[in-house]
Amino acid sequence: MSLSGKERRILAEIEQALEREDPELAKRVAAINKIESDGDIFPRAYGDRLRMWVLAHVWMIFTAGALLIVLLLLAVLTT
């Protein structure tokens with residue numbers, strides 16, 4: 001959703017007044033606006049979320065895979 005020129009001007013005036021009143025709050029609002037404009041930390045598409053989860057847990061996946069291979073090898077050798 002884009003803002004009209006008038007809305008952008010009003011928003012800029014509010015931000016300037018906020019900067020004069022409370023610079024710390026203005027910094028926090030600017031940080032929030034930057035995060036919102038850059039996009040979400042976690043992508044919304046299911047495939048992207050799954051890929052992020054896999055990358056974050058890759059060590060656990062490799063450990064489980066190695067354990068599975070060892071158990072299968074042990075089962076084959078003992079029979």
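Visitor: In which element is Val 54 found, and how is its accessibility classed?

Guide: Helices are DSSP runs of H or I with at least four residues, strands are E runs of at least two, and both are numbered from the N terminus. Val 54 belongs to helix H3. Buried means under 20% relative accessible area, exposed over 50%, and partly exposed in between, with a 1.4 Å probe and protein chains only. Val 54 counts as partly exposed because its relative accessibility is 33%.

Visitor: What kind of model is this?

Guide: This is a predicted model, in which local features need pLDDT of at least 70 and side-chain atom pairs count only at pLDDT 80 or more, while totals for chains, interfaces and linings use all residues. Residues are numbered from 1 along each chain as its sequence is written, and side-chain values use heavy atoms, leaving out hydrogens and water.

Visitor: How many helices and strands does the chain have, and what part of the chain is buried?

Guide: There are 4 helices and 0 strands, in the order α-α-α-α along the sequence. Of the 79 residues, 1% are buried.

Visitor: How does the span of helix H4 compare with the expected value?

Guide: The expected span of a helix is 1.5 Å times one less than its number of residues. Helix H4 (residues 58-78) has 21 residues and reaches 30 Å from its first C-alpha to its last, close to the 30 Å expected. H4 is hardly covered, with 0 buried residues among its 21.

Visitor: What lies in the segment after H4, and which backbone oxygen does the side chain of Thr 79 reach?

Guide: The segment after H4 holds Thr 79, which is exposed, with a relative accessible area of 82%. The side chain of Thr 79 reaches the backbone oxygen of Val 76 at 3.2 Å. A polar atom of the Thr 79 side chain also lies 3.2 Å from the backbone oxygen of Ala 75.

Conventions: A polar contact is a pair of N or O atoms within 3.5 Å; within protein, one must be able to donate a hydrogen and the other to accept it, and residues adjacent in sequence count only if both atoms are side-chain atoms.
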